[in-house]
Amino acid sequence: MKEYSLEIKWGLIFSIMMLLWMFIERSVGLHDDLIAHHATYTNLIAIPAIAIYVFALLEKRRVYYQGKMTYWQGFKTGLLITLVVTILTPLTQWITLSFITPQYFENVIAYAVENDKMTLQEANDYFNFKSYMIQSVLGAPIMGIVTSGIVAAFTVKK
């Protein structure tokens, strides 16, 4: 377990960042008054998400590999962080939707229907706890694998 402490640490940091991001989104109105802009601005999460992977891989290179790291070593580190994030994703989704922004589904369904983006049935089928849980548990590893592959390429040092 000690050998993976760095990956666990950065997976926890990533999960905490996600919760903070959701709190910020809700606080600035992206989950209610400004919900029309949510789909655009939520993509900015990529900036801190990628930064966390960069910092994690740089720390792994510095601490565990004496300043040198192959692509595979970096990619493996990213995959392990992704595993931690994926395991924590149901918990972070539950915290987000139960405590940070419990009215999110109600607000986004109303917005989608009022703006003719979806029918009420389509909106209810898409914007619900089960759907978001599935999306997040599938999305976390996909995005983590892609991010790991890209960041590993930039943190290689021979």
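Colleague: By class, how many nonpolar, polar and charged residues does the lining of the largest pocket have?
Modeller: The model is a predicted one. In it, the largest pocket is lined by 46 residues. Divided by class, that lining has two charged, 16 polar and 28 nonpolar residues.

Colleague: Which residues of that lining lie nearest the centre of the largest pocket?
Modeller: The pocket has a volume of about 1300 Å³. Of the 46 residues that line the pocket, those nearest its centre are Met-18, Met-22, Thr-42, Ile-45 and Gln-93.

Colleague: Which helix supplies the largest share of the lining of the largest pocket?
Modeller: Several helices take part: α1, α2 (38-41), α3 (46-64), α4, α5 (104-114) and α7 (129-155) each give at least two residues to the lining. The largest share is 11 residues, and the helix they come from is α7.

Colleague: How many helices and strands are there in the chain?
Modeller: Read from the N terminus, the elements run α-α-α-α-α-α-α. The C-alpha atoms fill a box of roughly 55 × 25 × 25 Å along the principal axes. The count for the chain is zero strands and seven helices.

Colleague: At what angle do the axes of α1 and α4 cross, and what is the hand of the crossing?
Modeller: Helix α1 covers residues 5-27 and helix α4 residues 71-100. Their axes come within 8 Å and cross at roughly 30°. The hand of this crossing is right-handed.

Colleague: How do the residues of the contact of α1 with α4 divide into nonpolar, polar and charged?
Modeller: On the α1 side, the residues that meet α4 include Leu-6, Glu-7, Trp-10, Phe-14, Met-22 and Arg-26. On the α4 side, Thr-77, Leu-80, Val-84, Leu-88 and Ile-95 are among them. The residues of this contact divide into two charged, five polar and 15 nonpolar.

Colleague: Which residue forms a salt bridge with Glu-7?
Modeller: Side chains of opposite charge can pair when their charged atoms come close. The count of salt bridges comes to two. In one of them, with the closest N and O atoms 2.8 Å apart, the partner of Glu-7 is Lys-60.

Colleague: Why does the pair of Glu-7 and Lys-60 tie together parts that are apart in sequence?
Modeller: Glu-7 lies in helix α1, whereas Lys-60 lies in helix α3. The pair therefore ties together parts whose separation in sequence is 53 residues.

Notes:
Residues are numbered from 1 along each chain as its sequence is written. This is a predicted model: local features need pLDDT of at least 70, side-chain atom pairs count only at pLDDT 80 or more; totals for chains, interfaces and linings use all residues. Side-chain values use heavy atoms; hydrogens and water are left out. Axes are lines fitted to C-alpha atoms, for helices over the stretch in contact, and angles run from 0 to 180 degrees between N-to-C directions. Helices (H or I, at least four residues) and strands (E, at least two) are DSSP runs, numbered from the N terminus. A crossing is left-handed if the near helix is turned anticlockwise from the far one by less than a right angle, and right-handed if clockwise. Contact means heavy atoms within 4.5 Å. Ala, Val, Leu, Ile, Met, Phe, Trp, Tyr, Cys and Pro count as nonpolar, Asp, Glu, Lys and Arg as charged, and the others, Gly among them, as polar. On a 1 Å grid over the protein atoms alone, a cavity is a set of points where a 1.4 Å probe fits but cannot get out, and a pocket is an open set with protein on both sides within 12 Å along at least five of seven lines; lining residues have an atom within 4 Å of a point. Grid points are joined across faces, edges and corners, and a volume is the space filled by probe spheres set on the points. A salt bridge is a side-chain nitrogen of Lys or Arg within 4 Å of a carboxyl oxygen of Asp or Glu.
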